[in-house]
Amino acid sequence: MADLKTSIKDVILQRLEDLAGDAPHPVPPESYLMSSIEISAMSVFESNGRLTQWMVERGLDPQKGQDAVLGLGLLVTMDDKINPRPEYEHFEYPDDHDH
């Protein structure tokens with residue numbers, strides 16, 4: 001199972017590397033923000049045994065922050081493929097920073 005875990009991560013990282021070419025990689029956000037994202041992702045799997053099992057079957061640890069974020073990203077990507085959201089040509093998100 002560990003080989004599968006490494007394989008999933010390695011394939012994704014290699015694909016990102018291939019797409020980036022010579023472009024610089026983005027700098028990750030500050031660690032406090034990353035911790036919040038990881039905790040939020042882990043909570044998705046804590047509350048749903050079926051999703052936890054799905055993670056384990058793919059060799060990912062739902063209690064490990066980076067794995068949980070990767071698993072959540074995979075779930076969102078698969079969901080968008082199955083249930084695509086409509087694309088609005090002229091929709092702009094409201095700017096709520098001008099309070």
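User: Within what distance do the axes of α3 and α4 come, and at what angle do they cross?

Analyst: Happy to start there: the α3 and α4 axes come within 11 Å and cross at roughly 105 degrees. Axes here are lines fitted to C-alpha atoms, for helices over the stretch in contact, with angles from 0 to 180 degrees between N-to-C directions. Helices are DSSP runs (H or I, at least four residues), numbered from the N terminus. Keep in mind that this is a predicted model, where local features need pLDDT of at least 70, side-chain atom pairs count only at pLDDT 80 or more, and totals for chains, interfaces and linings use all residues. Residues are numbered from 1 along each chain as its sequence is written, and side-chain values use heavy atoms, leaving out hydrogens and water.

User: Why are α3 and α4 called roughly perpendicular?

Analyst: The label covers 65 to 115 degrees. Their crossing is at roughly 105 degrees, so α3 and α4 are roughly perpendicular to each other.

User: Which residues of α3 and α4 meet?

Analyst: Contact means heavy atoms within 4.5 Å. From α3, Leu-51, Trp-54 and Met-55 meet Asp-67, Ala-68, Gly-71, Leu-74, Leu-75 and Met-78 of α4. By class, this contact has seven nonpolar, one polar and one charged residues; Ala, Val, Leu, Ile, Met, Phe, Trp, Tyr, Cys and Pro count as nonpolar, Asp, Glu, Lys and Arg as charged, and the others as polar, Gly among them.

User: What makes α2 roughly perpendicular to α3?

Analyst: The axes of α2 and α3 (residues 49–57) cross at roughly 110 degrees and come within 6 Å. That angle makes α2 roughly perpendicular to α3. Here Val-44, Phe-45 and Glu-46 of α2 meet Leu-51, Thr-52 and Met-55 of α3.

How values were computed:
Helix = DSSP H or I, 4+ residues; strand = E, 2+ residues; numbered from the N terminus. Parallel < 35°, antiparallel > 145°, perpendicular 65-115°, else oblique.
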